[in-house]
Amino acid sequence: MASHAVCIQRVAPPRSGAASQVNKSKTVSPFSVNIITRRKRRSSGVRCSIADFIGGDLVKPDIGRWLDDVEKHKAIAIYTPHEGGYEGRYLNRLKEQGYYFLDISARGLGDPETTLLNPYPVCPAHLGKQPIARWYYPPEVDYRLSALPPNAKGLVVWVIEAKVLSKSELQFLALLPSLRPNVRVVAECGNWRKFMWKPLAEIAELAAQE
């Protein structure tokens, strides 16, 4: 019978240090997994436009439509972004047209009709020992109109935080240009992702009642 030679190779077992290194190389910490998933999410892509680098308020071609709507509707409700600053571009364009501004806040305004068109009382603070006095101030709108220069185009009543006003108060602001023809009203009625505006009569539901 033919004899078969068998070669047996003996392999030494790995050392404990090498085994630990192999195990360490195979194990992945949960922190690194979170980093990998975050990188994958970030690599999904973010779309940017030229407005993100230059400024959204500088590239909008709606300034002409803004001026036309102010002259057409005479009372405008605007919605500005939360970060602010965009409304200043539209305000400056009205200034360039020759308008002067009356900036008032809706908080603490009281009755808009009394404050803007009639002499309204103000009670100064007292210390409890003085008699309660009452002072009267002139109407805000009529006083500003009388102080306008001859070359002024009109007066813009810019109402800040008009979202706190009731529907009847907004309806009065929408009718104010019909009572004072040289007056325009711009009311900040809320916030939106971009600067937008609508006729104040539409927001106050004045057209539906008529």
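## Val157 in strand 5

Val157 is placed in strand 5, where strands (E, at least two residues) and helices (H or I, at least four) are DSSP runs numbered from the N terminus. The model is predicted: local features need pLDDT of at least 70 and side-chain atom pairs count only at pLDDT 80 or more, whereas totals for chains, interfaces and linings use all residues. Residues are numbered from 1 along each chain as its sequence is written, and side-chain values use heavy atoms, with hydrogens and water left out.

Val157 counts as buried because its relative accessibility is 0%; buried means under 20% relative accessible area, exposed over 50% and partly exposed in between, with a 1.4 Å probe and protein chains only. Leaving aside neighbours within four places in sequence, Val157 is in contact with Leu102, Ile104, Val141, Leu176, Val183, Arg184, Val185 and Val186, contact being heavy atoms within 4.5 Å.

## Nonpolar cores

The largest nonpolar core has 27 residues, and those with the most contacts inside it are Val141, Val159, Leu173, Leu176 and Leu200. Such a core is a set of buried Ala, Val, Leu, Ile, Met, Phe, Trp, Tyr and Cys residues joined through side-chain atoms within 4.5 Å. At least two residues of this core come from each of strand 1 (75-80), strand 2, helix 6, strand 5, helix 8 and strand 6. Helix 8 gives the most, with five residues.

With neighbours within four places in sequence left aside, Val141 is in contact with Leu102, Leu116, Leu117, Leu155, Val157, Leu176, Arg180 and Val183.

## Helix 8

Helix 8 comprises 13 residues, 167-179. From first C-alpha to last it reaches 18 Å, close to the expected 18 Å, a span defined as 1.5 Å times one less than the number of residues. Its buried residues are Leu170, Gln171, Phe172, Leu173, Ala174, Leu176 and Pro177.

## Thr115 in helix 6

Thr115 belongs to helix 6, residues 112-117, and is buried at a relative accessible area of 11%. The side chain of Thr115 reaches the backbone oxygen of Leu109 at 3.0 Å. Beyond neighbours within four places in sequence, Thr115 is in contact with Leu109, Tyr120, Pro139 and Glu140.

## Aromatic pairs

The structure holds eight aromatic pairs. Rings of Phe, Tyr and Trp (its six-membered ring) pair if their centres lie within 6.5 Å; planes under 30 degrees apart count as stacked, over 60 as edge-to-face and the rest as tilted. The rings of Tyr90 and Phe195 are stacked, because their centres are 4.0 Å apart and their planes at 10°. Tyr90 lies in helix 5 (residues 87-96) and Phe195 in the loop between strand 6 (183-191) and strand 7 (196-199), so this pair ties together parts that are 105 residues apart in sequence. Tyr90 and Phe195 are both buried.

The rings of Phe101 and Trp158 have centres 6.0 Å apart and planes at 45°, so that pair is tilted. Because Phe101 lies in strand 2 (residues 99-105) and Trp158 in strand 5 (residues 154-160), the pair ties together parts that are 57 residues apart in sequence. Both Phe101 and Trp158 are buried. Ring pairs also link Trp66, Tyr90, Phe195 and Trp197 into a cluster.

Methods
A polar contact is a pair of N or O atoms within 3.5 Å; within protein, one must be able to donate a hydrogen and the other to accept it, and residues adjacent in sequence count only if both atoms are side-chain atoms.
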